[in-house]
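Here is a short report for a reader new to this structure. Look over the sequence and the model before reading on.

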Amino acid sequence: MSTAPLVRTTPLLSAEALKVTFPGRRGAATARAVDGVDLDIRPGEIVALVGESGCGKTTLARSLLGLVAPTAGRVTFAGAPLDYAGRALKAYRKRVQLVLQDPSGSLNPRHTVYDAVAEGLRIHGYAGDERAAVSEGLSRAGLRPPERFFLRYPHELSGGQRQRVVIAGALVLEPELIVADEPVASLDASVRGEILALLLRLRDELGLSALVVTHDLGLAWNIADRVAVMYLGRIVETGPVEQLLTAPQHPYTQALLSVLPEAEGAPVVLTGEPPDPSKVPSGCRFHVRCQVLASGEAERAGVAEACRTVDLPVLNGGAMTQVACHWAAACGAKA
Ligand SMILES: Nc1ncnc2c1ncn2[C@@H]1O[C@H](COP(=O)(O)OP(=O)(O)OP(=O)(O)O)[C@@H](O)[C@H]1O
Ligand code: SF4
Ligand SMILES: [Mg+2]
């Protein structure tokens, strides 16, 4: 678990009532991939965005980066709304860098490590000493001595080294925030730990903020200051990592945690269809799969009708623990 204190300052990056929809093909309903999200990332904070496949993590991350324009709501950076005009967006993309899941896919096989890392500098018309900047980026990403890697090609590197090259390419632009989409999903367990340690070191040494997108709650435990759990386009629970992972309140978070290898008790097997953003259920969007509703616990707490019919408010995205669940609200500390 990360040890940095929660930073209570103006958020660096915020989503406010953010929605992203995609038109359905051949008359199918619109897919509500991101369906009302408030989320703050503060300076020096690492936030893990977790949730199962298709819940909208990548779409949310892309809209925070200005790669996809929101259908509604807005993104603000350092208090100012994101400007989608060409030059402003280019300047923004220097300050907020994307690190993708598959290092092989992110690197051009015909480019040397030097060219891969220098690419961003060239795009942004860097006027300083390019060689020195590339060296520093590689060193910060743990590829030392950097000159040894300059002329290598991606296929001559290990998976972990390739991911470090991708991170070096992001760092070289001296961003304030990194959005890392499943940054270690394609790596071996041993290398995974090294890359996570690198992200933590960058947070501590450079004050770098990060949004780390993952479907792995175990990874969130190791790296995040704060966790946001996403289900079918919404954040359903958010809070400081220790609180959220040791005392989860939302049945969905409880189910995700119950299947971790270190979990005590029986795993919760979610019933019902996998979530489909073109068919968001009425009431609580999780109600068709919720184990608490299925077991009669919600009925006993007097909230079953609300579970089926009353949508929950969008969580405000701030630092405190919040949960979008009628049962958790009714049961309080018991939940
Ligand atoms: N360009 C697109 N056009 C239409 N639908 C899309 C598009 N991009 C994403 N979607 C849909 O939006 C939903 C959310 O997708 P997204 O990629 O954001 O999920 P995710 O949480 O990142 O999943 P994973 O863990 O598998 O990467 C999915 O149902 C997906 O099919
Ligand atoms: S609101 Fe009801 S259906 Fe939704 S997660 Fe809570 S208990 Fe389950
Ligand atoms: Mg994704």
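## Terms and basis

A polar contact is a pair of N or O atoms within 3.5 Å; within protein, one must be able to donate a hydrogen and the other to accept it, and residues adjacent in sequence count only if both atoms are side-chain atoms. This is a predicted model: local features need pLDDT of at least 70, side-chain atom pairs count only at pLDDT 80 or more, and totals for chains, interfaces and linings use all residues. Residues are numbered from 1 along each chain as its sequence is written, chains are lettered from A and ligands numbered from 1 in the order in which they are written, and side-chain values use heavy atoms, with hydrogens and water left out.

## Ligand 1

An oxygen atom of ligand 1 lies 2.8 Å from an N or O atom in the side chain of T58. S53 brings a polar side-chain atom to 2.5 Å from an oxygen atom of the ligand. G56 uses a polar backbone atom, 3.1 Å from an oxygen atom of ligand 1. Taken alone, ligand 1 exposes 640 Å², and the protein buries 58% of that (accessible areas by the Shrake-Rupley method with a 1.4 Å probe; for residues, only the protein chains shown count as cover).

The surrounding residues are F22, A33, E52, S53, G54, C55, G56, K57, T58, T59 and P277 (a heavy atom within 4 Å). Helix α1, residues 57-64, gives the largest share of this shell, three residues. Helices (H or I, at least four residues) and strands (E, at least two) are DSSP runs, numbered from the N terminus. By class, the shell has four nonpolar, five polar and two charged residues. Ala, Val, Leu, Ile, Met, Phe, Trp, Tyr, Cys and Pro count as nonpolar, Asp, Glu, Lys and Arg as charged, and the others, Gly among them, as polar.

## Ligand 2

Ligand 2 is surrounded by H250, P251, C284, F286, H287, C290, V292, C307, C325, H326 and W327. Eight of these shell residues are nonpolar, three are polar and none is charged.

## Helices α4 and α6

V113, A116 and V117 in α4 meet V165, A168 and G169 in α6 (heavy atoms within 4.5 Å). Five residues of this contact are nonpolar, one is polar and none is charged.

## Backbone details

R144 and P145 are joined by a cis peptide bond, with omega about -10°. P145 sits in the loop between α5 (130-140) and α6.

A17 is not a glycine, yet its phi is positive, about 45°. A17 belongs to strand β1, residues 13-22.
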